[in-house]
Amino acid sequence: MGVNLRSIASASAAIAVGVFFLVWSLGWIHPGSSAPVAQVEAACADLTQGCQFVLNGKSFAVKSDRPINPAHPFTLILQGEPLKQASASWQMVGMEMGPNRFHFAATGSNQWQTQTALPFCTQARHDWQLTLNLDGNNVILTTQSR
């Protein structure tokens, strides 16, 4: 019984392509993208009340449809200037929470929304950083969960 090297090579290539598309679809890699151009940091005391920020001279606002709580998913609503793409991810202050990325979908003229959830935290902390990636530029908002 000989090992068919062509079959092994084909299977390996198929697995590599499958892993690449899985990782890409989860938003862990962005082929062809470069590092963010600009980064804005701001405090956001209550995300349900909305937070405004300016990025590259353009005004935006983001808010949640309900108080953010690790036990329940919620919707983020983004309004502002035209964008090609926008995503959100959550981290705790000083603590990596693993990959989580939520892509916004357009819902109207210069308005986008995404269903999101806070990653699970075993330390019962409430300090969060919401990173919005807007056309390759990062906006980091510090906020609190309840």
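# Close-up views of a predicted model

**View 1. Arg 125 and Asp 127 form a salt bridge, with 2.7 Å between the closest N and O atoms.** The structure shown is a predicted model. Asp 127 has a relative accessibility of 19% and therefore counts as buried, the limit being under 20%. Arg 125, at 24% relative accessibility, counts as partly exposed. Three salt bridges are found in a search of the whole structure, and the next two views show the pairs Asp 46 with Arg 146 and Arg 66 with Asp 65.

**View 2. A salt bridge joins the side chains of Asp 46 and Arg 146, at 3.4 Å from N to O.** This pair links distant parts of the chain, its residues being 100 residues apart. Asp 46 lies in the loop between strand E1 (39-43) and E2, and Arg 146 lies in the segment after E10. Arg 146 is exposed because its relative accessible area, 56%, is over 50%. Asp 46 is partly exposed, with a relative accessibility of 23%.

**View 3. Asp 65 and Arg 66 meet in a salt bridge.** The closest N and O atoms of this pair are 3.7 Å apart. Both residues are partly exposed: Arg 66 has a relative accessible area of 40%, and Asp 65 has one of 37%.

**View 4. Five strands make up an open sheet in the order E2-E3-E4-E8-E7.** The pairing in this sheet is antiparallel. At its edges stand strand E2 (51-55) and strand E7 (105-108). Each of these two has a single partner strand, so one side of each is left without a neighbour in the sheet. From one strand to the next, the twist averages 30 degrees.

**View 5. Strands E3 and E4 pair in the antiparallel sense.** Strand E3 covers residues 58-64 and strand E4 covers residues 74-79. Four bridges connect the two strands.

**View 6. Asn 138 and Asn 133 are joined through their side chains by a polar contact of 3.0 Å.** Asn 138 belongs to strand E10, which spans residues 137-144. Its relative accessibility is 14%, so Asn 138 counts as buried.

Technical notes
Residues numbered from 1 in each chain as written. Predicted model: local features only at pLDDT ≥ 70, side-chain atom pairs only at ≥ 80, totals over all residues. Heavy atoms only, no water. Buried < 20%, exposed > 50% of the residue type's maximum accessible area, 1.4 Å probe, protein only. Polar contact = N/O pair within 3.5 Å; in protein donor to acceptor, adjacent residues only side chain to side chain. Pairing = 2+ DSSP bridges. Axes fitted to C-alpha atoms, helices over the stretch in contact; angles between N-to-C directions. Salt bridge = Lys/Arg side-chain N within 4 Å of Asp/Glu carboxyl O.
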